[in-house]
Amino acid sequence: QVQLVESGGGLVQPGGSLRLSCAASGSFFSINVMGWYRQVPGKERELVAVITSGGNTNYADSVKGRFIISRDNAKNTVYLQMNSLKPEETAVYYCNVEGTAWNTRTRFRSWGQGTQVTVSS
């Protein structure tokens with residue numbers, strides 16, 4: 001199994017910043033894509049940002065220029081630096097990883113438990 005441990009969520013004022021971290025561990029041959037999604041009650045989970053093992057990135061239009069996704073392959077960790085946060089970005093943020101299982105060499109996709117981000121005064 002692949003386990004994801006998320007950290008960095010919390011309460012921040014509008015315009016403030018937070019940095020989320022997600023560390024992957026377990027039995028895998030490789031991790032290809034790592035990303036962040038967010039979800040609020042009553043709405044579908046939406047993509048925030050993804051990054052490949054080679055460093056290619058994609059962002060939701062709403063966060064371009066404000067959020068930065070990065071990864072440390074040696075630590076199997078992905079980060080999301082969130083700047084100029086807005087109240088409407090209050091949500092549970094979920095880490096997601098895709099890769100190849102160690103034993104079967106089959107593709108897997110794992111989700112973290114989520115970390116709450118609240119943007120409020």
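Me: What lies over the face of Phe29?
Reply: Arg105 does, at 3.9 Å from the ring centre. A charge sits over a ring if NZ of Lys or CZ of Arg is within 6 Å of the ring centre and within 35 degrees of the ring normal. This is a predicted model: local features need pLDDT of at least 70, side-chain atom pairs need pLDDT 80 or more, and totals for chains, interfaces and linings use all residues. Numbering runs from 1 along each chain as its sequence is written, and side-chain values use heavy atoms, without hydrogens and water.

Me: Where is Arg105?
Reply: Arg105 is in the turn of a hairpin formed by E9 and E10, with five residues between the strands. Its phi is positive, about 60°. Strands (E, at least two residues) and helices (H or I, at least four) are DSSP runs, numbered from the N terminus.

Me: How many bridges join E9 to E10?
Reply: Five, and the two strands run antiparallel. Strands pair if DSSP finds at least two bridges between them. Glu98 has Arg109 in E10 as its bridge partner.

Me: Which other strands pair with E9?
Reply: E4 (residues 28-39) is one of them, antiparallel over ten bridges. There, Ser30 stands opposite Thr100. E11 (residues 115-119) is also antiparallel to E9, with three bridges.

Me: Is E9 buried or exposed?
Reply: Nine of its eleven residues are buried, so E9 is largely enclosed by the rest of the structure. Buried means under 20% relative accessible area, exposed over 50%, and partly exposed in between (1.4 Å probe, protein chains only).

Me: New topic. How many disulfides?
Reply: One, counting cysteine sulfur atoms within 2.5 Å. Cys22 is joined to Cys95, S to S 2.1 Å. Cys22 is in E3 (residues 18-26) and Cys95 in E9 (residues 91-101), 73 residues apart. Both cysteines are buried.

Me: What's its handedness?
Reply: The torsion about the S-S bond of Cys22 and Cys95 is about -85°, so the disulfide is left-handed.

Me: And how many aromatic pairs?
Reply: Two in the whole structure. Rings of Phe, Tyr and Trp (its six-membered ring) pair with centres within 6.5 Å; planes under 30 degrees apart are stacked, over 60 edge-to-face, the rest tilted. Phe28 and Phe108 have centres 6.5 Å apart and planes at 40°, so that pair is tilted. Both are buried. For Tyr37 and Trp111, the centres are 4.9 Å apart and the planes at 65°, so that pair is edge-to-face.

Me: What lies over the face of Trp111?
Reply: Arg45, at 4.7 Å from the ring centre.
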